[in-house]
Every structure is written in structure tokens, then in C-alpha cells.
Amino acid sequence: MKNKTVVILIFLKDAKILTEKRSMIDFASPQYLIPGGTVEDKETAEETVIREAYEELGIKISKFKPLPYKNKIQGLKKQTLLPFLIEEWIGDFPEIILDKGTPLFWVSLDEAFSSEVQPTREIITALKNHLL
């Protein structure tokens with residue numbers, strides 16, 4: 001079975017990052033994750049960014065780019081994670097992920113980094129390095 005690829009949607013506003021807080025079997029308390037979604041067959045990562053932003057958040061993206069990072073970032077289920085920095089968008093963010101119902105929060109990068117989820121921490125590190 002081919003490893004899946006997941007795009008990660010990094011939205012920044014007022015020095016905060018959009019996160020979802022989700023309960024997970026492997027962790028005692030809910031953890032911060034960054035919204036994203038799986039690249040479907042015959043779909044590019046860029047097409048997935050646009051589709052997932054609309055499906056999960058009701059947001060139309062007008063400008064985005066891949067987030068530079070040094071090492072491959074792997075998800076908890078061994079997926080390849082491709083983080084994208086969303087630079088411009090149209091629409092207001094909902095309070096929950098539309099297709100899952102998990103709550104959304106704008107948190108500082110340091111608060112997001114407090115997540116016990118290693119891929120979240122790796123993405124936040126790459127983002128901080130990019131913003132320096």
C-alpha cells in the first residue's frame with residue numbers, strides 16, 4: 001500500500017496559528033493539530049490545499065506557498081506531510097472543522113508547540129525558522 005500524502009494548511013493571523021484541538025487515543029489530553037487533508041488520486045498537492053481549505057473551513061484561498069523545511073515530516077500514521085503557508089484567503093473561519101466538528105483555536109506558536117504530537121512540533125519549528 002502506498003503511503004498517503006497529507007497537506008497541512010498553515011494560517012497565521014495576528015501572530016497566531018489556526019489549530020484544531022482533538023482527542024487522540026495515544027495521548028491523555030486533547031492535542032493541538034494543524035488542519036489539513038489527504039491528497040486524493042490524480043490530484044496535486046496544490047489542488048488539495050484549495051479543496052481542503054474549502055471543505056474543512058469554508059475558506060477560499062487566493063495565495064499560498066510550500067513551507068520550506070529541512071527534513072521530511074512524517075505523520076503519526078506514517079503519511080508524508082506537506083505544509084503550506086496560506087498567505088491570502090477570502091472568508092471567515094468557522095468555530096469548528098466543518099467536515100469533522102472538531103473545535104478550532106487561534107493560538108500562539110509557542111502554545112501550538114506545546115502539543116505532544118511530534119509532527120505538529122516539527123511543523124511549528126519549520127515555521128519559526130522560516131519566519132526568522
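The exercises below, each with a worked solution, concern a predicted model of a protein structure.

Residues are numbered from 1 along each chain as its sequence is written, and side-chain values use heavy atoms, with hydrogens and water left out. Because the model is predicted, local features need pLDDT of at least 70 and side-chain atom pairs count only at pLDDT 80 or more, whereas totals for chains, interfaces and linings use all residues.

**Exercise 1. Aromatic pairs**

Find out how many aromatic pairs there are, and classify the pairs that phenylalanine 93 makes with tryptophan 89 and tryptophan 106.

Solution. Begin with the rule: rings of Phe, Tyr and Trp (its six-membered ring) pair if their centres lie within 6.5 Å, and planes under 30 degrees apart count as stacked, over 60 as edge-to-face and the rest as tilted. By this rule there are five aromatic pairs. For tryptophan 89 and phenylalanine 93, the ring centres are 5.5 Å apart and the planes stand at 70°, so this pair is edge-to-face. For phenylalanine 93 and tryptophan 106, the centres are 5.2 Å apart and the planes stand at 85°, so this pair is also edge-to-face.

Phenylalanine 93 lies in the loop between β7 (80-90) and β8 (104-108), while tryptophan 106 lies in strand β8, so the pair ties together parts that are 13 residues apart in sequence.

Last, look at accessibility, for which buried means under 20% relative accessible area, exposed over 50%, and partly exposed in between (1.4 Å probe, protein chains only). Phenylalanine 93, at 18%, is therefore buried, whereas tryptophan 89, at 23%, is partly exposed, and tryptophan 106, at 24%, is partly exposed as well.

**Exercise 2. Charges over a ring**

Work out which charged residues sit over the ring of phenylalanine 113.

Solution. A charge sits over a ring if NZ of Lys or CZ of Arg is within 6 Å of the ring centre and within 35 degrees of the ring normal. Arginine 121 lies over the face of phenylalanine 113, at 4.0 Å from the ring centre. The charged end of lysine 128 sits over that ring too, 5.3 Å from its centre.

**Exercise 3. The buried side of helix α3**

Describe helix α3, find its buried residues, and say how they are arranged around the axis.

Solution. Start with the length: α3 (118-131) has 14 residues and reaches 20 Å from its first C-alpha to its last, close to the expected 20 Å, where the expected span is 1.5 Å times one less than the number of residues. The buried residues of α3 are Pro119, Thr120, Ile123, Ile124, Ala126 and Leu127. They cover an arc of only 160° around the axis, which puts them on the same side of α3; the arc is that of the directions from the helix axis to the C-beta atoms.

Threonine 120 is an example, being buried at 4% relative accessibility. Leaving aside neighbours within four places in sequence, threonine 120 is in contact (heavy atoms within 4.5 Å) with Tyr32, Leu33, Ile34, Ala112 and Ser115.

**Exercise 4. Positive phi**

Compare the places and accessibilities of alanine 15 and lysine 42.

Solution. Alanine 15, with phi near 65°, has a positive value in a residue other than glycine; alanine 15 is in the loop between β1 and β2 and is exposed at 69%. Lysine 42 has a positive phi of about 60° although it is not a glycine; lysine 42 is in the loop between β4 (36-38) and α1 (45-57) and is exposed at 89%.

Conventions
Helix = DSSP H or I, 4+ residues; strand = E, 2+ residues; numbered from the N terminus.
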